[in-house]
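Please open the structure in your viewer and keep the sequence beside it. The tour goes from one selection to the next and says what is there.

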Amino acid sequence: MKFKIDGGGSTDRRKDDVIRTWLVKQGFHPPTDGYDAFCDEMFDWYKGYVESFHKYSVNTGAKQVGVTRYSLGMAKTIAEDYANLLLNEKVKITADGAFSKQFDAILQNNDFFVRANNLLELAFAVGTGALVEYMNANGEPVIDFIPGMMVYPLEWDMQHITACAFGSLIESGADGTTYYVQRHTLENGTYHIHNSYLSEKGVLVDLPEGLEEDIDTHCTVPTFQIIRPNIVNSYNLYNPMGMSVYGNAVDLLKAVDLVYDAYVNEFSLGRTRMIVPTGAAKLVMQEDGTAKLRFDPNDVVTYAYESKDPNAKPEYIQPQLRADQFELGIQRNLNLLAKKCGLGNERYQFDTDGTKTATEVISEKSELYQSMKKHEILLRSALIGMGRALAQMSNYGDADITVDFDDSIIEDRGTLIQRHIDLVTASLESKLAAIMEIKHCSKADAEKELAQIASEESITGTPDDWFAKDGVADDAGTDEATDTTDR
């Protein structure tokens, strides 16, 4: 079955309609304002092919010829960029106290940074994603990474979702498709997880052995966190789901691909051609009596035409390529697209003839820096919420979770250090705060670093004296001491 989406195209019905239909029958009311279709269109842009735009036809005068428009795939590039800028290997998520080692182990066991980066990319593409925490059959904390297409808000206050369902595809084979549905709801002060399995017809089937229908997590904090760009959902202000980071830049995505398609066709249609009179393309007799074509009729470079001139000769046609004009058009549209998506004016270079210094990157990407800081607000809240839920599930109670994002991509590290040195020197910042910012460490680690610095500053004399104060003497000192004793 098909349904229409904005732009007049069509796409296959989403598989999660089975889950939505079942939830409605259970008395729940996930948003149903056409937003799903909008997300599907954003996902098509993410994949680089939107049928209503990239598939078109050209009238050749004799018939309509179907054509597929070339694409630069900028929607996926933008989503990837944000994911890599916001959640890369330099980001640190730490827990203080007894939960620290356990938390690190949970993140590692769940391959968190790889899967969370992928989730963030999808969330910025379609507008929403979710982190979901629960205990597996072995009593181990598990983190699920759910894309927005399988997230179903059940209760919300504006953009704050308080109860939610999440779907997963379990099996799809000869026996049909099975869907796993988790509902996370707050009941009597703690979050409960309700598990259900559905057939492809939306009928409840038996749960796997060991999986309970209703589980009390004993968590007072949400056992799920919504990931989304920190921008207003302009599709529907009252829909709690997020907005694609390029949701308001579809016209610019079209403009980029439109010009790029023309650019590629410029080279395809502008190839050197040879106009050959049919007389010159006829069979000729060889000396051995065999016939041979003067020109290969399958050669797409040549074009044979009828000529009444017996002296007509082959001619070369070499169209003048307009590559420079197209490259300029692509670059201008890329600049507009990047700016519209909050990445700054010159994030993408279609033709770069040089490299920028770190200082230039810092000064030119202030818009990107502001966008990152804005998105970090919601991402930090989600990551802290995940850590707190995992702590309570692991019986560690409340935990203090710290998230340190990577600013080195935007700001040169040397410049960052010098700025903090200047602030400390001018008595505008404490050494403790400077160390925490420069080293991205906790207050406790910064205090240890300060204590070590103070200890080293109290040492005077030569390097040999420093080790002597720690009770370690060099060979010369030992020999001298021995000689003195002998005397």
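Select His218, in the loop that runs between β13 (214–216) and β14 (224–227). The model is a predicted one. Is His218 buried or exposed? His218 has a relative accessible area of 59%, and the cut-off for exposed is over 50%, so His218 counts as exposed. Now look at its backbone: phi of His218 is positive, near 60 degrees, although the residue is not glycine.

Next, select Asp111. The loop that holds Asp111 lies between α5 (100–109) and α6 (112–126). Asp111 is another residue other than glycine with a positive phi, here about 50 degrees.

Last, go to Asp406. Look for Asp406 in the loop between β20 (401–404) and α11 (413–425). Asp406 is buried, and it has no salt bridge. Which side chain of opposite charge is nearest to Asp406? That side chain belongs to Lys90, 4.8 Å away, while a salt bridge needs a distance within 4 Å.

Show the side chain of Asn88 as well. The side chains of Asn88 and Asp406 are joined by a polar contact of 3.3 Å.

Technical notes:
Residues are numbered from 1 along each chain as its sequence is written. This is a predicted model: local features need pLDDT of at least 70, side-chain atom pairs count only at pLDDT 80 or more; totals for chains, interfaces and linings use all residues. Side-chain values use heavy atoms; hydrogens and water are left out. Helices (H or I, at least four residues) and strands (E, at least two) are DSSP runs, numbered from the N terminus. Buried means under 20% relative accessible area, exposed over 50%, partly exposed in between (1.4 Å probe, protein chains only). Lys and Arg count as positive and Asp and Glu as negative; His and the chain ends are not counted. A polar contact is a pair of N or O atoms within 3.5 Å; within protein, one must be able to donate a hydrogen and the other to accept it, and residues adjacent in sequence count only if both atoms are side-chain atoms.
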